[in-house]
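User: I'd like to learn how to read a few features in this model. Can we take them one at a time?

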Amino acid sequence: MKAQMWEIAGYTDKGPVKETNQDSFLFRTACSARGWAAILGVADGISGLGRGETASRKMMENLLNWWEDNVLRSQTERRAWPRTLEAMLLETNRELIRWGRENGVQTGTTASILLLENGNYHILHVGDSRIYLAPGRGRKGLELLTEDQVKPVRREQGGRIYYKNVLTDCVGYREKFAIFQREGKVKKNDVYLVCSDGAYKKLKEDELEKHLRAQEDPVQDILEKIGHTAREYKENDNITMAAVRITGGVRINGRSQDTIGG
């Protein structure tokens, strides 16, 4: 079977205000005669709770363990990967709740995971980080592939009433939470972006699309330009992204390509 090719990269920036980077991210790729696979994940620790950086890091550590067990060591069939990813999210939620009780804090994190395998994509998502698709040449538009799990809450400050979006679901805060899932087909020249909210809050959708559709730019450069633009717009939050472009050749920034076991 001919392996799908990709260009993949990641980016994170603590920013000028926050003392810690509460975001974590992961990207890995693998291929063999049986096919190809890639995983991209971003977790944004909830700043309004305690130890968000611990929650996001645990989320990505468990995602890496899932990748090594299910993909590299081939402990499950490909068709079962989305199901085992969901089980991993549920177990991470239980682990973080236990850790919070033991340490006297409440914590939580978003989780946006993009799994690519043999021409298909699978998304598992909790919170308000996002996954975007910028289709390849000849196909216009920027598509938001996830749904923000938020609700507007009425606030008042200085006699002014305004509404602020508040998370309805995250990993690690309570026993029950919703996992958004979606799947579809991967096409050549598609660009997928997984990002924390710091990457998109200040940018208009057409600006984000313009960056992602710059086919001549390396993916690493695209992420750096998005991060720079957000900072120019006075975004002070942590900014974290992972992105992949489906191509005809391989270029992997910052990671070695894994080999699927078995």
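Analyst: Helices (H or I, at least four residues) and strands (E, at least two) are DSSP runs, numbered from the N terminus. With that in hand, T110 sits in the loop between α2 and β4. This is a predicted model, where local features need pLDDT of at least 70, side-chain atom pairs count only at pLDDT 80 or more, and totals for chains, interfaces and linings use all residues. Residues are numbered from 1 along each chain as its sequence is written, and side-chain values use heavy atoms, leaving out hydrogens and water.

User: Is T110 buried or exposed?

Analyst: Buried means under 20% relative accessible area, exposed over 50%, partly exposed in between (1.4 Å probe, protein chains only). T110 has 0% relative accessibility, so it counts as buried.

User: Which side chain does T110 join through a polar contact?

Analyst: A polar contact is a pair of N or O atoms within 3.5 Å; within protein, one must be able to donate a hydrogen and the other to accept it, and residues adjacent in sequence count only if both atoms are side-chain atoms. Here the T110 side chain pairs with that of S129 at 2.8 Å. A polar atom of the T110 side chain also lies 2.9 Å from the backbone nitrogen of D44.

User: And what does L63 contact, leaving aside neighbours within four places in sequence?

Analyst: Contact means heavy atoms within 4.5 Å. On that basis, L63 meets L26, I39, G41, L85, M88 and I113.
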